[in-house]
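This report describes a protein model through its charged pairs, its domain interface and a selection of individual residues. The sequence and the structure are shown first.

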Amino acid sequence: MRGLTVDLVGQVSQPGLVQDVSFTVSRGESVALIGESGCGKTVTAMAILGLLQSGLKISSGQVCFQGKDLLTCSPRELRAVRGGAIGAIFQEPMSSLNPTMTVGEQIAEARRLHLKESRKVALRHARELLDRVGIANAAQRVLAYPHEMSGGMQQRVMIASAIACDPALVLADEPTTALDVTIQAEILELLRELRREQGIAVLLVTHDLGVVADFCDRVVAMYAGNVVERSDVLRLFADPVHPYTRALLDSTPHNGQARKALPVIRGRVPVAGTFPAGCRFEPRCVHGGHEACARPQQEADLGAGRSTRCARVAAGDLVLQQVAVR
Ligand SMILES: Nc1ncnc2c1ncn2[C@@H]1O[C@H](COP(=O)(O)OP(=O)(O)O)[C@@H](O)[C@H]1O
Ligand code: SF4
Ligand SMILES: [Mg+2]
């Protein structure tokens with residue numbers, strides 16, 4: 001993805017609701033899209049799928065996938081990619097599953113549509129897919145309706161539909177947020193297996209840094225519609241290069257650390273329509289107030305796959321240190 005910019009137009013308007021977002025996801029790789037709620041993660045993921053709500057308009061950028069720019073594809077081409085070479089999993093499985101169809105028919109439908117399989121063959125594959133995603137008794141479960149299943153099972157069904165047509169990329173938007181911790185771990189393990197065995201790339205939208213550390217290779221951190229930092233996971237956790245990511249890590253409990261003494265990031269993510277004209281993080285940044293902070297920030301490439309969108313860090317004027325926790 002290169003330079004994706006989405007504007008909010010209408011009664012409330014926000015140019016650059018998502019602004020100049022660039023990142024890549026390679027085969028078999030897992031990239032995390034992180035940031036607090038309201039930072040533009042879902043809008044970015046939906047733009048990839050061509051599923052933006054009304055009022056949201058793409059004003060520039062490219063989403064290159066298998067030699068095509070998805071932003072200039074016809075609706076028909078896009079439908080062929082969606083659910084085919086790109087699978088999607090959302091936070092609430094029930095909002096994506098059709099309550100009036102058995103789960104088997106829903107999964108089979110994707111294969112009939114994209115792979116032109118007969119109903120019978122597609123249903124057989126649906127059964128295999130349910131088995132693949134760890135649903136016991138798949139032969140019977142294929143006949144069940146979504147409401148007859150638990151949340152964890154429904155999410156497995158969503159994953160089965162997302163991978164039904166052997167996708168190259170799966171977009172998973174907070175896929176485990178609505179699930180309890182044990183099920184969450186099982187679902188992540190399943191996604192890990194799919195990456196390993198089928199080379200599926202995963203773009204994982206999450207605000208859970210524990211999940212990022214555990215599951216992802218690289219991280220794209222967003223704040224108020226901007227990518228503020230790109231990094232591999234190890235270096236992000238060891239040495240973040242943007243004040244927002246530093247603050248995010250400082251405010252998150254690490255393994256075994258007591259929860260109570262952690263610093264919080266003051267203030268809130270700005271709502272659409274009220275983004276600052278200069279550095280979007282400045283109202284909350286403990287290093288703000290400099291001349292450079294008053295200007296819109298550009299992403300600065302730091303080499304080795306890392307970037308920061310902070311002029312002070314890029315100029316070497318600011319070195320970030322972990323806040324001491326008592
Ligand atoms: N359809 C929409 N109309 C107006 N504002 C929207 C719409 N969709 C998202 N937004 C706004 O865009 C910002 C980013 O939203 P979103 O991508 O859902 O955040 P995240 O997924 O990071 O929590 C938020 O300020 C949200 O209120
Ligand atoms: S540009 Fe200034 S306000 Fe923005 S993140 Fe960097 S130091 Fe903070
Ligand atoms: Mg979201």
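## Salt bridges and domain contacts

The structure holds 18 salt bridges. The model is a predicted one, and every distance and area below is computed from its atoms. Side chains of opposite charge can pair when their charged atoms come close.

| Salt bridge | N to O distance |
|---|---|
| E36 and R284 | 3.0 Å |
| E117 and R111 | 2.6 Å |
| D217 and R195 | 3.0 Å |
| R246 and D250 | 3.0 Å |

The pair E117 and R111 joins two side chains at 2.6 Å. E117 has a relative accessibility of 15% and counts as buried because the limit for that class is under 20%. R111, at 10% relative accessibility, counts as buried as well.

D217 is placed in the loop between α9 (209-215) and β10 (218-223), whereas R195 belongs to helix α8 (residues 181-198), so their pairing ties together parts that are 22 residues apart in sequence.

An α-helix has 3.6 residues a turn, so residues three or four places apart point the same way. Both R246 and D250 are buried. Elsewhere, D20, R230, E299 and R309 are joined into one network by salt bridges that share partners.

### The interface between the two domains

The chain is divided into domain 1, which covers residues 2-216, and domain 2, which covers residues 238-314. Their centres, taken over C-alpha atoms, are 28 Å apart. At the interface, 16 residues of domain 1 are in contact with 15 residues of domain 2. About 1,100 Å² is buried between the domains, and carbon and sulfur atoms give 52% of this area. On the side of domain 1, the residues that lose the most area to domain 2 are Q14, E36 and L209, which together account for 44% of what that side buries.

How many salt bridges does the rule find across the interface of domain 1 and domain 2? The rule finds two. E36, already named for the area it loses to domain 2, also forms a salt bridge with R284 at 3.0 Å. Strand β2 (residues 14-21) gives the most to the side of domain 1 that touches domain 2, contributing six residues. By class, the residues of that side are seven nonpolar, seven polar and two charged.

### The enclosed helix α11

Eight of the eight residues of α11 are buried, so this helix is largely enclosed by the rest of the structure. The buried residues are P243, Y244, T245, R246, A247, L248, L249 and D250. Which elements do the buried residues of α11 pack against? They pack against β3 (30-34), α9, β10, β11 (226-232), α10 (233-238) and α12 (311-314).

### Individual residues

Most residues other than glycine have a negative phi, and most peptide bonds are trans. K116 has a positive phi, near 55°, and is not a glycine. K116 is located in the loop between α4 (103-115) and α5 (119-132). With a relative accessible area of 67%, K116 is exposed. D166 also has a positive phi, of about 50°, without being a glycine. The position of D166 is in the loop between α7 (151-162) and β8 (169-173). D166 is exposed, its relative accessible area being 55%.

V121 lies in helix α5. Is V121 buried or partly exposed? V121 is partly exposed, with a relative accessible area of 28%. From C-alpha to C-alpha, V121 and L33 are 36 Å apart in space, and 88 residues separate them in sequence.

Notes: Residues numbered from 1 in each chain as written. Chains lettered and ligands numbered in written order. Predicted model: local features only at pLDDT ≥ 70, side-chain atom pairs only at ≥ 80, totals over all residues. Heavy atoms only, no water. Domains from an automatic or database assignment. Contact = heavy atoms within 4.5 Å. Buried area = accessible area lost by both parts, 1.4 Å probe. Salt bridge = Lys/Arg side-chain N within 4 Å of Asp/Glu carboxyl O. Helix = DSSP H or I, 4+ residues; strand = E, 2+ residues; numbered from the N terminus. Nonpolar A, V, L, I, M, F, W, Y, C, P; charged D, E, K, R; others polar. Buried < 20%, exposed > 50% of the residue type's maximum accessible area, 1.4 Å probe, protein only.
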